[in-house]
Amino acid sequence: MDILLAIGNTSMVRLRKVVPAGCADIFVKLEWENPSGSFKDRMALAVISRAEEDGRLKSGDTVLEYTGGSTGTSLALICAAKGYPIRIVSSDAFSQEKLDHMAALGAELTLVPSEGGRTTKKLILDMIEAARKLSREPHTYWTDQLNNKDSIAGYYPLGEEIWSQTKGEIDAFVHCVGTAASSRGIATVLKRHKPGIKIVVVEPAESSVLLGGQAGPHNIEGVGIGFIPPLWDPTLVDEILPVRTDDAKEMARRLAREEALFAGTSSGANVVAAIRVAERLGPGARVVTLMGDSGLKYLSTDVYRKR
C-alpha cells in the first residue's frame with residue numbers, strides 16, 4: 001500500500017470531560033492520524049498532484065514553500081514519497097520539532113528570524129518575500145499556499161468524512177483560520193449537504209483581523225497570519241470567534257490530561273471556540289471541530305514544557 005493512500009479517513013470521537021454541562025455534544029476529528037501528524041497532508045497531496053497533472057510540476061523540479069511547519073512537513077512527506085527535492089522557508093517562531101521533522105523528510109530549510117519567537121504580520125511577509133526570491137531559480141515549483149486554490153479541494157474529502165461520520169446530524173463546524181483553505185473546503189461541502197449548518201471560524205484574539213481588529217503578535221502556530229488571507233470567503237462563514245493564545249494553550253493541556261487527546265495549540269483554540277458555540281446551541285445539538293495536529297509537534301514549547 002502506498003503511504004499516500006494512508007492520508008484521510010481519520011477517526012472522530014466525542015469530548016467527554018472538558019465540555020460543561022448543558023452544552024451540545026462536541027466531536028473532534030483526529031487529524032494527527034495522517035502520516036505526518038497533521039491535517040495539512042490533505043492539502044499537500046492535492047497541491048502536488050494537481051500541479052503534476054497540469055504540468056506546472058515536472059520530474060526533476062524542486063518544490064518550494066514558506067510555512068510555519070505543518071504545511072512544510074506535509075509537503076516534505078509528499079515530496080519524499082514522490083521523489084521531488086523540496087526547499088522550505090520557515091522561522092524560529094515555530095517549534096523545533098516541526099523544523100526537525102521537515103529536515104528529516106529531506107527538506108532544505110531557510111530560516112527567517114522572528115520578533116521574540118512570535119508570529120507577526122511582518123514575519124509572514126518576510127517569509128513570503130524570501131520564498132519569492134528563491135522561486136526565481138530554474139526548475140522550481142512554488143506552491144504558494146496563501147494563493148493556491150488547489151489546496152481548497154484537498155479538504156473536500158474531509159468535509160465528506162465529517163458528513164458521513166455524523167450521518168448528517170451536525171449543527172455547527174468550528175475551525176481556526178490560517179490560509180482559510182481548510183475551513184473553506186470543509187464549509188463548501190457541508191453547506192452543500194445542509195445549507196443551514198453554522199460555520200464558525202477562529203482567530204487569535206491578539207490578532208483579530210477578520211473581525212476588523214489590528215494585527216498583533218501571538219503564539220498559536222499556523223494560524224492568524226495578520227492580514228486577510230487571499231483564499232478567505234466570508235460568504236461561507238456565519239461567525240468569527242477570537243481566542244486568546246493563553247486560553248488555547250491551557251485547553252490543549254486540559255485535552256491531554258482530561259480527554260487523553262494530545263494535540264497542538266490551534267486544536268486547543270478550536271475546542272475553546274467549539275465550547276462557546278455548544279453552550280449556545282444546547283443539549284441535543286452537535287458541534288464538530290478538528291484536532292489539527294499532534295502535541296508531539298510542540299513538546300519543546302511552553303504548551304507542554306514549563307520554562
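This section describes the cavities, the nonpolar cores and the salt bridges of a predicted model.

A search of the whole structure identified 3 cavities of 30 Å³ or more. The volume of the largest cavity is about 400 Å³. Its lining comprises 31 residues, and those nearest the centre of the cavity are Lys40, Thr71, Gly178, Gly222 and Val223. By residue class, the lining consists of 13 nonpolar, 14 polar and 4 charged residues. At least two lining residues are supplied by each of helix H2 (70–82), helix H4 (121–135), strand E7 (172–176) and helix H7 (181–193).

The largest nonpolar core contains 41 residues, of which Ile86, Ile162, Phe173, Ile186 and Leu190 touch the most other members. Two or more residues of this core come from each of helix H1 (40–53), H2, E4, helix H3 (96–104), helix H6 (156–165), H7 and strand E10 (286–291). A second, separate core has 33 residues, including Val19, Cys23, Val28 and Val200.

When neighbours within four places in sequence are left aside, Ile86 is in contact with Thr62, Val63, Gly72, Leu75, Ala76, Cys79, Gly106, Ala107 and Glu108. The C-alpha atom of Ile86 is separated by 23 Å from that of Ser182, a residue 96 positions away along the chain. For Leu190, with neighbours within four places again left aside, the contacts are Gly159, Ile162, Trp163, Ile170, Phe173 and Ile197.

The model contains 23 salt bridges. One of them joins the side chains of Arg50 and Asp150, with an N to O distance of 4.0 Å. This pair links distant parts of the chain, as Arg50 lies in helix H1 and Asp150, 100 residues away, in helix H5 (residues 150–153). Arg50 is partly exposed, with a relative accessible area of 38%, whereas Asp150 counts as buried at 12% relative accessibility.

Asp126 is partly exposed, its relative accessible area being 29%.

A further salt bridge connects Arg244 with Asp246, whose closest N and O atoms are 3.6 Å apart. Arg244 is partly exposed at 41% relative accessibility, and Asp246 is partly exposed with a relative accessible area of 48%.

Note on methods:
Residues numbered from 1 in each chain as written. Predicted model: local features only at pLDDT ≥ 70, side-chain atom pairs only at ≥ 80, totals over all residues. Heavy atoms only, no water. 1 Å grid on protein atoms, 1.4 Å probe; cavity = no way out; pocket = protein on both sides within 12 Å on 5 of 7 lines; lining within 4 Å. Points joined across faces, edges and corners; volume = space filled by probe spheres on them. Helix = DSSP H or I, 4+ residues; strand = E, 2+ residues; numbered from the N terminus. Nonpolar A, V, L, I, M, F, W, Y, C, P; charged D, E, K, R; others polar. Contact = heavy atoms within 4.5 Å. Core = buried A, V, L, I, M, F, W, Y, C linked by side-chain atoms within 4.5 Å. Buried < 20%, exposed > 50% of the residue type's maximum accessible area, 1.4 Å probe, protein only.
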